[in-house]
Amino acid sequence: AEEHILVAASAHQMYKSIDAGMTWRPVPVRLIVNPPAAPEKNVARNTAGASQHAKGTVAARTARTAAPRTVVREISPSEINALYSTKSGTKDVIFAATDLGLLKSADMGERWVMADLGGATGVSALYFAPDFDGYLIARAAGALYRSLDFGDHWAEMPFPLPTSDINDLAIPSDRDAPLLVATRVGLYSSPDGGAKWFANVGGLPASTVNSVIYTGLERQAYAVEYGQLYETGDAGNSWSVVSTAIPALRIRQLWMPDNRSKRLYGITSDLGILFRN
């Protein structure tokens, strides 16, 4: 997001800070709903008795109707599942995964519009590449949806399992590297952007994978399976165990700030937030 600007949401209110979190102010979640334009009606009229050149012809007359009004709807913060910030060129864009769908704001949360996912509702997560190049994947209640232009247009992406089985998804910065999806039955990969999927390539055990992440511009990625951290340097073709002095790491989510950072964070169930360089 813009320098020093933060956005956060509780179950009761959304808040924004413009001084890096020193002070916060409540911000209502205003969803802008643009109703479809009313169809034009062509009404034919008889022009008999008009000039000699127009005699016997029928002229079209368009019936004018009042323009539809834009509707502003207040959204309860309790419906927000997660907030995400990314860049579209020089502009900062915020997304909110909500029970109603995916919301998008280009003015730091002052106004929101609903992303068109083809009627899908109940978006639980949004994923993007470490280099913020406009490639987004949304996890909705019934399917995955992909956008290549920062969420302006979306298309459904097939996946062999229900989205309720998906725990995490990693988009590579290298377009020749596969998509990686952590599921309750193992790690799925797709080398062609989601057209075909393969299960547990690279020797990772076929069991619940909690989280998966690409680290940046390289083909390096990490995955967590039942407390064990795994690493790959070839985009998932082979995986190796990362040794640690902490047994049975209960990592729920892996996270990196951006592709310039070398620090990997792990959000755990019992030890707080851990990191490794």
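**Burial of S173**

A residue counts as buried when its relative accessible area is under 20%. In this predicted model, S173 has a relative accessible area of 12% and is therefore buried. S173 belongs to the loop that lies between β16 (166-170) and β17 (179-183).

The side chain of S173 makes a polar contact with the side chain of D131, at 3.4 Å.

**A nonpolar surface patch**

Three residues, L6, Y15 and W24, make up a nonpolar patch on the surface. Together they have about 270 Å² of accessible area.

Of these residues, Y15 sits in strand β2, which covers residues 14-17. Is Y15 exposed, partly exposed or buried? Its relative accessible area is 31%, so Y15 is partly exposed; that class lies between the limits of 20% and 50%.

**The sheet β24-β25-β26**

An open sheet is built from 3 strands, ordered β24-β25-β26, with antiparallel pairing. β24 (251-255) and β26 (273-276) are its edge strands, and each of them pairs on one side only. From one strand to the next, the twist averages 25°.

Strand β25, residues 264-268, is joined to β26 by 4 bridges, and the two strands run antiparallel. Across from G266 is L274, a residue of β26. In general, the strands of a sheet pair through backbone hydrogen bonds, in either a parallel or an antiparallel manner.

Technical notes. Residues numbered from 1 in each chain as written. Predicted model: local features only at pLDDT ≥ 70, side-chain atom pairs only at ≥ 80, totals over all residues. Heavy atoms only, no water. Buried < 20%, exposed > 50% of the residue type's maximum accessible area, 1.4 Å probe, protein only. Polar contact = N/O pair within 3.5 Å; in protein donor to acceptor, adjacent residues only side chain to side chain. Patch = residues over 30% accessible without salt bridge, like charges linked within 9 Å, V, L, I, M, F, W, Y side chains within 5 Å. Areas by Shrake-Rupley, 256 points an atom, 1.4 Å probe, with all protein chains shown as cover. Salt bridge = Lys/Arg side-chain N within 4 Å of Asp/Glu carboxyl O. Pairing = 2+ DSSP bridges. Axes fitted to C-alpha atoms, helices over the stretch in contact; angles between N-to-C directions.
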